[in-house]
Amino acid sequence: MMSDPQNHYRTLFSNCIKTKNLKLGRALHSHLIKTAFILDTFFTNRLIQIYTKCNSLDCAQHIFDDLKFKNAHSWNTMIAAYSEMGRFKNARRLLDEMPEPNLVSYNSIISSLGRNGLYKEAINFFRGIQKRNQNVTLMDEFTVVGLANACASLAALELLRQVHGASIVMGLDFNVVVCNALVDSYGKCGLPESSYCIFSRMEEKNVVSWTSVMVAYVRASRLEDACRIFSQIPVNNAVSWTALITGLAQNGEGERALSYFRKMQDEGVIANDITYVSALSACADLAVIGRGRQIHCRVIRVRSSSVFDNVFVVNALIDMYSKCGEMTSSMRLFERLETKDIVTWNSLITGFSQNGQGQASLAIFSKMAEENVRPNEVTFLGVLSACSHSGLESEGLRYFEMMGKKFGLTPRSDHYAILVDLLGRKNRLTEALEVIEKSRNGSEHIGMWGSLLATSRAHGNLELATRAAEALFELEPENTGRYVMLSNTYATAGRWDEAERIRRAMDEMELKKEAGCSWIELKDARYMFVAEDMFQPKLDDIRELIRNLVKQMKGDDELNVHFVSELSLV
């Protein structure tokens, strides 16, 4: 016979809640009814908790309704359960019925609204609480965390400062959880210095604190500060490594991102799927297919399940291979992936488009329609680009019209820029200009004027080339490429005085054209070659190799003379 049945029940309830064992919970429910313990509010609350943890809210509600002596814990358990499930109408109904709501009740709803992306609703709910309590600030540490996260997601800096100030005035405990939330929130609002100010005053810091302040600098594109913070973290984990690698990749620092990725592997830190996605993104931006393939192999080797179980990783692989020009690999991955999302389709459509395979791109779009996948704005960027690059004028115009009429999508400035390019390539320059003039904010869109300048130059239309260039000079006065393009247009037309005038204007503005360059990838290293670069570290080796190639060449002596003369310029 049990010496302490109540203690035995407590143990059973704890184990049942921890393991979410619904079958055991029902057995306990039956036993409580037989032993009359169902009348005990403590045990009934625990039973309600079991059903809520097992997502059996109807059973939990039934027990709650039958409970004669409800306490605050009874109400809060049900309110929290409905809130966590996103059933806010039920939660609000119970809150209105609750005799004396408390902060636990309010915090459950605020935090759950935030987790469900209902940030404005979370803030409005908080304001409603204050009005209900006659504008007396009702808030604790949990409220601060929930509100800070909502403010950060909305970039509501002023409200965040008010919440922060109120918590100071109220003398709340700025524990590590509260401070971490504030550090992260100020970072998301674009104030890394405020994040660092809070961080530097924290008596207790954990890896979340360090990572949050580092990410605050990353979001502000202050990468040197981010790397400095990273180097000071006592113990880096996969999250902190991934945060830095992702930040570097997103800010165009692909080489550094891959360098940190290698260091992460060397230190034995196990990468996660987000790490691989970021590293593959860096490979895509750099078009270094060798390193991309190495990461692909590593993903296959270290993942416990198939790579095709994670659509995000496969999407990153498709994007990487596409940007490296390896569309065969992209297509194989696409075909093997059973559960595709819109990014999967867009990546392949854009990949074929960027690699000059317009018909293949449109074929994928047709297949997408056959499978009843609804396209979005990004899809049509790829489709229109495919039509433009492949000279498919009528198809491009048809797809542009299809955006609005069939799918209810509003074309953005980028879509109009491609339409300008599409018309311009077919020498329909007047119509291209009309597109710019009629589109929303078209006169201020660099992409549209850039397309018109390029196509006007290609067709020798000096008038429109000049107009487009003048618009671009106003929009981006330091872009030397625009001046050079207009100067070359005048030179091609024999207008040497005008060409010289543009060159003089560049000199007066101290604008320098960036030297052209190319690069190759060899043994995990990237070698860049800049035009007329006399300081190339491998210059002597390059010259020697070319001399040997010239010696080995057979055939026309004149051809050899030509290569020797070219060699003198290297």
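Predicted model: local features only at pLDDT ≥ 70, side-chain atom pairs only at ≥ 80, totals over all residues.
Residues 175–209 are 71% helix and 0% strand, with end C-alpha atoms 11 Å apart. Residues 341–375 are 74% helix and 0% strand, and their end C-alpha atoms lie 10 Å apart.

## Thr 379

Thr 379 sits in helix α23, which spans residues 377–389. Its relative accessible area is 1%, so Thr 379 is buried. Leaving aside neighbours within four places in sequence, Thr 379 is in contact with Ile 342, Asn 346, Ile 349, Phe 365 and Met 368.

## Nonpolar core

In soluble globular proteins, nonpolar side chains tend to be buried together. Here the largest nonpolar core has 158 residues. Ile 295, Tyr 399 and Leu 452 have the most contacts inside it.

Beyond its neighbours within four places in sequence, Ile 295 is in contact with Leu 258, Phe 261, Tyr 276, Ala 279, Leu 280 and Cys 283.

## Helices α27 and α28

Helix α27 covers residues 446–458, and helix α28 covers residues 462–475. Their axes come within 8 Å and cross at roughly 150°. The crossing is left-handed.

From α27, the contact includes Ile 446, Trp 449, Leu 453 and Arg 457. Leu 452, named above for its contacts in the core, also belongs to the α27 side. From α28, the residues include Leu 464, Arg 467, Ala 468, Leu 472 and Leu 475. By class, the contact has 11 nonpolar, 2 polar and 2 charged residues.

Note on methods:
Residues numbered from 1 in each chain as written. Heavy atoms only, no water. Axes fitted to C-alpha atoms, helices over the stretch in contact; angles between N-to-C directions. Helix = DSSP H or I, 4+ residues; strand = E, 2+ residues; numbered from the N terminus. Left-handed = near helix turned anticlockwise from the far one by under 90°. Contact = heavy atoms within 4.5 Å. Nonpolar A, V, L, I, M, F, W, Y, C, P; charged D, E, K, R; others polar. Core = buried A, V, L, I, M, F, W, Y, C linked by side-chain atoms within 4.5 Å. Buried < 20%, exposed > 50% of the residue type's maximum accessible area, 1.4 Å probe, protein only.
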